[in-house]
Amino acid sequence: MALAYTVDSRWRNRAEFIQGRPAIIEFLMRKWRKELDYRLIKELWAFEASRIAVRFAYEWRDDSGNWFRSYGNENWEF
């Protein structure tokens with residue numbers, strides 16, 4: 001999955017700012033060690049020229065069996 005991102009990609013995940021593919025890989029590995037049975041749905045919301053907006057919803061459980069669900073938007077520029 002990490003190859004979908006360029007080596008100079010920039011992310012913001014809540015209060016965390018991530019830059020570069022190696023940092024994205026580390027972030028995703030850390031995230032998915034905690035977030036078990038991860039399920040993600042993405043939907044194209046808008047697009048124009050080199051930009052797209054995507055809506056997402058994901059759910060996961062922790063190691064105690066508590067379930068969580070999050071929603072949001074992503075803005076991509078190519």
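Arg55 and Glu43 form a salt bridge whose closest N and O atoms are 2.7 Å apart, a salt bridge being a side-chain nitrogen of Lys or Arg within 4 Å of a carboxyl oxygen of Asp or Glu. The pair links distant parts of the chain, with Arg55 in strand β4 and Glu43 in strand β3, 12 residues apart. This is a predicted model, in which local features need pLDDT of at least 70 and side-chain atom pairs count only at pLDDT 80 or more, while totals for chains, interfaces and linings use all residues. Residues are numbered from 1 along each chain as its sequence is written, and side-chain values use heavy atoms, with hydrogens and water left out. By the salt-bridge rule the count comes to 9.

- Arg55 has a relative accessible area of 37% and Glu43 one of 41%, and each counts as partly exposed (buried is under 20%, exposed over 50%, partly exposed in between, with a 1.4 Å probe and protein chains only).
- A salt bridge also joins Glu59 to Arg39, with 3.6 Å between the closest N and O atoms.
- Because Glu59 lies in strand β4 (residues 51–61) and Arg39 in strand β3 (residues 36–48), this pair ties together parts that are 20 residues apart in sequence.
- Glu59 is buried at 18% relative accessibility, whereas Arg39 is partly exposed at 47%.

**Within helix α1**

- Arg30 and Glu26 meet in a salt bridge of 3.3 Å, N to O, and both lie in helix α1 (residues 21–34), 4 residues apart, about one turn of the helix.
- Helices (H or I, at least four residues) and strands (E, at least two) are DSSP runs, numbered from the N terminus.
- Arg30 is partly exposed at 34%, as is Glu26 at 40%.
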